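Please look over the structure shown here. This report takes up two parts of it.

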Amino acid sequence: MCGVVGIAGKAPVNQMLFDALTMLQHRGQDAAGIVTCHNGRLFLRKDNGMVRDVFHTRHMRALIGNYGIGHVRYPTAGSASSAEAQPFYVNSPYGITLAHNGNLTNAADIHDDLFKTDLRHMNTDSDSEVLLNVFAHELQKSGTLNPSAEDVFHAVKRVHERCKGAYGVVAMITGHGLVGFRDPNGIRPLIYGSRETEQGTEYIIASESVAITALGFKIERDIQPGEAIFINDKGELFTQQCAAEPHHRPCIFEYVYFARPDAIIDGISVYKARLKMGEKLAYKILREWGEEHDIDVVIPIPDTSRTSALELANILGVKFREGFMKNRYIGRTFIMPGQQQRKKSVRQKLNPVELEFKGKNVLLVDDSIVRGTTCNEIIQMARDSGAKKVYFASAAPMVKYPNVYGIDMPAKAELIASQRSVEEIQDIIGADRLIFQDLEDLKNAVRTSKVPDLTEFDSSVFDGIYVTGGIDQAYLENLERQRNDTAKKGQDGYIDVNIDAASVDLTGIKEEL
């Protein structure tokens, strides 16, 4: 999962891009990058690390220009090297920079076509660079010195025809404008807003609404599945549906885990969806465990499950308490390679408040269970703090299948629920009792009468149905070889050349290091 932002402004956008990426930091903590455009020149800064660590004062001063795009990343394809930090750049045609959230499922096939047919070279294994080169190649076919909105939309149409998978994209065509587009299924979110200034209207495109409202922009609407938006160098906005058969099937895991609770995605409040998840789960507990349950207190696993746990406690009629204090300087554990590293990170990230556990029957609520490693550690922490019984509830159904659309769910063999029953998982994680959300209840929690047309979702991690098609056993086996812990550990040996200089100017890009 990644976060993208693009701004077409009337004044320097460097600070706004930095602030927007900070609001999207939860979507990627491994790398960050910003590129701006001024007088036909691009100014780039990107590196591994959090936003606050990648950009210092000297970098910000060098990022001049009224147009720009930014990206925060965690890797699901390619390596974790800083060489694959985004945005990516290609010099022909015009000079195009691109930032991408999602994953292409046919990237390997397109990679071969780009080399053998389109005669394009790629320097990384990233599917984002593949997508950039497809867009650049198709735009180059227009053969015009000044591409029109129609030229841009035709290139996006060809991207939809050639690229399969999930993508929310912002791209900047040097000297010509800002582009945003979304995959034909709308799996990955993308939204845009505007702001009136004395110099004219400014526009922003971002992965989540929080990046728009925090900067004082007004939300216009979500970019529709398959739709493209283009803001030219004069500040004029154009939109067009570029997909032949668009469908609205957003990733349901955005609402479960990834998006901020204050975000609005496809017209749906993430906060309200999570409240309903807690409501649905509470009623399932009452059905299956009975109204005479012996739960004394409901405790969330911070932070994502807090909203669901609060509503669950209200319906069950038991106390809601904060039993774990979180160290916010530790990254998300399910994307960390290696069981030992994950176990160590859990102990560093969460610290129990013993008085909330001692002598009580505790129901712990988490957003989901992926590997089960963190659950096991957290349950043991609860027992060590004096809990009599430790029950565990997941606001999401059993995660049984890998994700191929940009979430770094591990290989199927590493998913604790892939081949196990609820009872077997309960024994492995050490819970006295375990319950999962039902998939249909999860879907109903996200659905709303305010968006009546949104009835389908990408729920592939729960049901194994991949909405783009073309995902067979051979594909999943290859994915498993790429994503298992051994493969990820092998990436640690990657050697990356770091140029230590005040500035580097290559093919029109000035990078402040």
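## Basis

The model is predicted.

Strand S2 spans residues 31-38. Seven of its eight residues are buried, so S2 is largely enclosed by the rest of the structure.

S3 covers residues 41-48 and runs antiparallel to S2, with eight bridges joining them. Within this pairing, Val35 sits opposite Leu44 of S3. The S2 and S3 hairpin has two residues between the strands. There, Asn39 adopts a positive phi near 50°. S4, residues 67-73, is also antiparallel to S2 and is joined to S2 by seven bridges. Cys37 has Tyr67 in S4 as its bridge partner.

## Helices H5 and H6

Helix H5 takes in residues 127-140, and helix H6 takes in residues 149-162. The two pack at an angle of about 135°, and their axes lie 8 Å apart. That angle makes H5 oblique to H6, because angles over 145 degrees would be needed for roughly antiparallel. The crossing of H5 past H6 is right-handed.

## The H5–H6 contact

From H5, the contact residues are Val134, Phe135, His137, Glu138 and Leu139. From H6, they are Asp151, Val152, Ala155, Val156, Arg158, Val159 and Arg162. By class, this contact has seven nonpolar residues, four charged and one polar.

Notes:
Residues numbered from 1 in each chain as written. Predicted model: local features only at pLDDT ≥ 70, side-chain atom pairs only at ≥ 80, totals over all residues. Heavy atoms only, no water. Axes fitted to C-alpha atoms, helices over the stretch in contact; angles between N-to-C directions. Helix = DSSP H or I, 4+ residues; strand = E, 2+ residues; numbered from the N terminus. Parallel < 35°, antiparallel > 145°, perpendicular 65-115°, else oblique. Left-handed = near helix turned anticlockwise from the far one by under 90°. Contact = heavy atoms within 4.5 Å. Nonpolar A, V, L, I, M, F, W, Y, C, P; charged D, E, K, R; others polar. Buried < 20%, exposed > 50% of the residue type's maximum accessible area, 1.4 Å probe, protein only. Pairing = 2+ DSSP bridges.
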